[in-house]
Amino acid sequence: MIIPLQYNLRYLRTRWTGTLITAVTFGLVVAVFVIVMALAQGLDRAFVTTGDPLNLLIMRPGVQSEMQSSVSIDRYQIIRTLKGIATGADGEPIVAPEVLVVVNKPKLPDGGKSNLQVRGIDLKTLELRPQVRIVEGRMYEPGLREVIASRLVSKRFQGFRLGDTPIFGGGTWTVVGLFDGAGTAYDSEVWCDYEELQQEFDRRGGYSTVVARATDPAAAAALARTIDEDPRLKLEVKTEVQYYSEQTETSRPLKLFGTFLATVMAIGACFAGMNTMYGNVASRAKEIGTLRVLGYTPFSIVLCFVFESVLLALIGGIFGCLVSLPMNWVTTGTTNFQTFSEVVFQFAVTPRLMTIALGFAVVMGVVGGLLPAVSAARRPIIDCLSKV
Amino acid sequence: MTYHTFIRKNALRNKRRTALTVLSVGFSLFLLITLQTVLSTLLNPRETEESALRIAVRHSVGLTQMLPISYQAKLEKVPHVKAAMPMQWFGGQYIEPKNFFANFSVGHEQFFDMFPEFEFSDGAEDAFMKERIAAIVGDALMEKFGWSVGDRITLLGAIFPVDLEFRIVGSYAHESNDSAFYFRHDYLEESMSDWGMVGTYWLMADSAEAVPGIIDAVDSQFRNTAYETKSETESAFQLTFVSMLGNVQLLIGSISIVVVFTMLLVAGSTMAMTIRERLREVAILKAIGYPRRVVLGLVLGEAATVSLMGSVVACGLSLALASTDVARATGGFVEKIDPGPVVLAAALGIGIMIGLVSALFPAVQASGMSINEAMRRLE
């Protein structure tokens with residue numbers, strides 16, 4: 001027979017100060033865990049959602065990032081002739097050269113400088129990356145030294161609002177549009193025409209990478225093989241998905257940090273929870289004795305108190321999740337050390353993360369409650385009842 | 001019985017509860033020590049006699065922009081500069097990306113003067129001067145990959161489109177920075193078909209007083225040229241990397257506050273529980289004539305004793321962590337977590353404070369209670 005849930009609920013309510021303190025302790029542990037992991041997840045999400053499995057990123061072999069890559073113009077011409085590449089609205093193959101540079105720009109609000117990634121694109125790039133939408137202003141026009149900036153960049157860096165005229169590579173540019181990259185890595189970038197960027201940064205010899213869109217997954221695999229094997233090209237191919245999942249390495253130290261934090265804090269909280277539960281059990285010796293006399297088995301007593309402890313931890317866990325939810329709207333940035341440029345991203349408190357956090361709270365509850373519950377169940381009935 | 005014995009006996013009366021509180025406070029405080037140690041290591045790069053003399057010169061735009069190799073002769077002529085050494089982050093991979101370690105090309109003629117704190121193995125200097133493909137490797141790195149002097153190894157270029165083969169001609173020992181790989185810049189220069197550029201220059205000043213003057217002289221000399229420079233001391237140069245990580249200070253700072261708050265909650269609720277059970281004793285103490293402040297002191301003393309024991313546990317855990325190989329677990333992100341005596345002493349202080357603050361409210365309440373009331377409040 002199982003002791004009714006009501007019993008625990010009523011007790012927790014009567015002893016509300018104790019309940020509150022213990023639940024808040026568990027809650028803070030959960031909140032710290034959720035916030036640090038949301039930071040790591042937000043960073044990952046910026047990379048993971050960026051790639052498209054049909055987009056092939058063609059780079060110089062052995063490089064760690066597109067920033068370090070270079071592809072000559074004649075190789076780009078060869079790639080354009082390969083089979084399996086999708087055709088755009090204009091009847092031309094969807095292949096776009098890209099030029100990447102990093103510029104050092106003052107950040108808002110304090111003016112500390114950070115590296116900003118500028119991507120020189122072809123208008124075809126928009127067909128390759130449909131996630132990117134212009135939300136204010138218009139698209140740049142090639143030849144007019146115009147750029148479009150991500151909305152997050154315009155908020156995080158000085159001089160990238162609509163109509164501003166940032167200077168880089170010696171030239172003065174005009175911001176004519178702001179785009180939304182839907183949480184992808186492009187949200188950390190400024191885009192402009194690749195040929196202009198080549199001129200400004202003296203990169204006339206070639207491009208950084210070439211991106212090609214395959215017609216379907218089978219064609220993507222075949223195309224990748226063709227490029228790998230073509231002796232004229234000597235280039236390396238990755239799907240964008242592959243490439244960006246490699247970049248998630250950036251969040252590894254953060255995840256490690258979050259796990260370490262959560263573990264150590266959880267150990268501390270479990271001891272505290274145990275203390276509360278031992279206290280709760282000790283002050284209810286008479287009640288436990290009575291329950292036993294009524295015929296409840298020792299097992300149902302254990303179950304009852306473990307359950308109470310889990311309940312406490314869950315209240316804490318829900319509190320922790322609620323406290324960390326507002327972080328979802330916070331934007332922050334770090335440096336991707338593979339490209340040496342700033343990645344701007346938002347914390348991501350996802351439902352999955354919250355589920356993990358609640359599971360984590362339940363584990364803390366069980367660990368904290370098991371020993372006190374067992375000690376309660378093992379006490380002889382006479383002892384319980386004779387206690388003042 | 002003295003007050004001390006009284007406090008000690010009371011603190012140890014419910015052994016299980018005391019142990020749990022000590023452990024709970026101990027683990028939280030251990031976390032606090034670790035966080036603060038990591039933060040201070042990141043924010044205060046250790047300045048030594050040698051590092052105070054070194055100046056890093058890079059392109060004003062950033063580390064991804066290069067400076068011409070012709071600057072070396074110009075930098076050497078700046079007054080008070082003892083040596084100017086080109087240094088380039090090669091970023092080469094050993095077999096596969098996960099075997100990450102720092103590898104740099106350096107000017108071989110200045111290398112040994114630039115890092116006088118390194119203890120080089122016998123014959124390393126001569127061999128490095130003579131052999132173009134020579135490499136000198138830190139002891140920790142030698143051990144990690146099981147290399148020995150004379151081995152030939154290849155690093156695959158990731159930033160540079162060349163794979164380079166090296167012969168290890170010597171090793172060096174240093175207490176904290178002994179996992180880097182150095183090779184000759186002229187070798188990289190030649191492999192890149194006379195590239196003519198380099199990422200940074202390191203200058204050695206003849207005295208610490210001359211450093212600010214050199215920084216001004218260098219930056220003004222190249223102002224308004226195609227390659228403007230940004231010069232800074234070694235520690236300032238290291239700090240730019242930390243600032244790139246993002247707002248580490250805010251993150252660690254706010255987590256530390258949460259941790260302290262959690263400890264207060266835990267210690268406070270335990271003390272409240274303890275005092276509630278002992279109201280009768282408080283009443284008796286008062287009845288036999290102990291004044292209010294003694295009762296208060298006894299309760300506060302007990303709380304401080306318990307949390308002090310927690311601090312001792314925390315210090316023990318921190319010292320244990322200091323002796324483990326943190327560098328390996330974090331992939332070299334954090335080299336070492338060694339709190340040092342100041343942080344440990346601070347932790348002991350914080351521990352006592354937490355005990356006192358947490359017990360203050362229940363203690364004042366109990367000591368202020370009238371004898372009658374306390375007696376009646378018993379179950």
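Trainee: How many salt bridges does the rule find across the interface of domain 1 of chain A and domain 2 of chain A?

Mentor: This is a predicted model: local features need pLDDT of at least 70, side-chain atom pairs count only at pLDDT 80 or more, and totals for chains, interfaces and linings use all residues. Side-chain values use heavy atoms, leaving out hydrogens and water; residues are numbered from 1 along each chain as its sequence is written, and chains are lettered from A and ligands numbered from 1 in the order in which they are written. A salt bridge needs a side-chain nitrogen of Lys or Arg within 4 Å of a carboxyl oxygen of Asp or Glu. Across this interface, the rule's count of salt bridges is two.

Trainee: Which residue forms a salt bridge with K107(A)?

Mentor: Take the closest N and O atoms of the pair: they are 3.6 Å apart. The partner of K107(A) is E342(A).

Trainee: How far apart do the C-alpha centres of the two domains lie?

Mentor: An automatic or database domain assignment sets the bounds. Domain 1 of chain A is 5-48 + 250-386, and domain 2 is 61-234. Their C-alpha centres are separated by 46 Å.

Trainee: What area is buried between domain 1 and domain 2 of chain A?

Mentor: Buried area is the accessible area (1.4 Å probe) that two parts lose on being put together, summed over both. Carbon and sulfur atoms give 49% of it here. In domain 1, Q338(A), E342(A) and V344(A) lose the most, together 48% of what that side buries. The total is about 1200 Å².

Trainee: And what area is buried between chain A and chain B?

Mentor: Count contacts first (heavy atoms within 4.5 Å). 37 residues of chain A touch 42 of chain B. Carbon and sulfur atoms supply 70% of the buried area. That area is about 3600 Å².

Trainee: Which residues of chain A lose the most area to chain B?

Mentor: Three residues of chain A together make up 15% of what that side buries. They are F271(A), N275(A) and F340(A).

Trainee: How many salt bridges are counted between chain A and chain B?

Mentor: The same definition applies, a Lys or Arg nitrogen against an Asp or Glu carboxyl oxygen. The count between these chains is zero.

Trainee: Which helix of chain A gives the most to the side that touches chain B?

Mentor: Helices (H or I, at least four residues) and strands (E, at least two) are DSSP runs, numbered from the N terminus. Helix 2, strand 3 (95-106), helix 9 (252-282) and strand 14 each supply at least two residues to that side. The top contributor, with 16 residues, is helix 9.
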